[in-house]
Amino acid sequence: MELNNAHTPAGFGKSEREIYYKDGEASTIQAGTHLRNINLPSWAVIEIRETIYNNQSARKLLSSGYGISTEEGQIQQWTVCNLGGYDNKPDIDDEKKVINREYWECGHRGKCELEKTGWCFHPANLSYREIEVLKLIANGLLDKEIADKLYLSTNTVVVHKANILKKTDCHNKSELTKWAIHNNIIQA
């Protein structure tokens, strides 16, 4: 989503922050101020640090595969991967001490080795393949069309669809589409 000005999105309180990544630059919007960096409160840094510490395979990959060995660099990468989409919803609420991870298309989904370590947020614990299927369902494709597009059997698509319905607690394609929009998997 394009950011047109430095105003805090409608409905945001003073303690809420939106972090987004665009054109190779991470920014924070808080209380009407647009900061050209990631501005995290100390409690969030501690929480993110603990999350990173508990994911040893991601830490190893960050250091050896991506050349990000400093704690500061790893915290910044986690923040971009998990909060980097601009969605008009607060990513961080200082008052409630809540971090709201979000799904966003960073351009590396499905190709990033970090994604396989559980580093990146997937709503309802959907796999990358389930998200691909969900996008096509939400765009109105039939099972056979999805199978052809993703080089899968129709039976595999049916199984993915059943798993998606169960994980998202949806009952039909209409509910799935609304769920996908709400969770930033597709745009309205």
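Predicted model: local features only at pLDDT ≥ 70, side-chain atom pairs only at ≥ 80, totals over all residues.

Trainee: Which residues touch the most other members of the largest nonpolar core?

Mentor: Val-133, Leu-134, Ile-146 and Ile-185 do, in a core of 20 residues. Helices 4 (128-138), 5 (143-150), 6 (154-168) and 7 (173-182) each give two or more residues to this core.

Trainee: Which helix gives the most?

Mentor: Helix 4, with 6 residues.

Trainee: What is Ile-146 in contact with, leaving aside neighbours within four places in sequence?

Mentor: Val-133, Leu-136, Ile-137, Leu-141 and Val-157. Another core lies apart from the largest one. That other core has 19 residues, including Ile-52 and Cys-81.

Trainee: New topic. At what angle do helix 4 and helix 6 cross?

Mentor: Roughly 90°, with the axes coming within 10 Å. So helix 4 is roughly perpendicular to helix 6.

Trainee: Which residues make that contact?

Mentor: On helix 4, they include Arg-129, Glu-130 and Val-133. On helix 6, Val-157, His-160 and Lys-161 are among them. The contact divides into 5 nonpolar, 2 polar and 4 charged residues.

Trainee: And how do helix 4 and helix 7 cross?

Mentor: At roughly 115°, with their axes coming within 9 Å. That makes helix 4 roughly perpendicular to helix 7.

Trainee: Is that crossing left-handed or right-handed?

Mentor: Left-handed. Leu-134, Ile-137 and Ala-138 of helix 4 meet residues of helix 7, including Leu-176 and Trp-179.

Technical notes:
Residues numbered from 1 in each chain as written. Heavy atoms only, no water. Core = buried A, V, L, I, M, F, W, Y, C linked by side-chain atoms within 4.5 Å. Buried < 20%, exposed > 50% of the residue type's maximum accessible area, 1.4 Å probe, protein only. Helix = DSSP H or I, 4+ residues; strand = E, 2+ residues; numbered from the N terminus. Contact = heavy atoms within 4.5 Å. Axes fitted to C-alpha atoms, helices over the stretch in contact; angles between N-to-C directions. Parallel < 35°, antiparallel > 145°, perpendicular 65-115°, else oblique. Nonpolar A, V, L, I, M, F, W, Y, C, P; charged D, E, K, R; others polar. Left-handed = near helix turned anticlockwise from the far one by under 90°.
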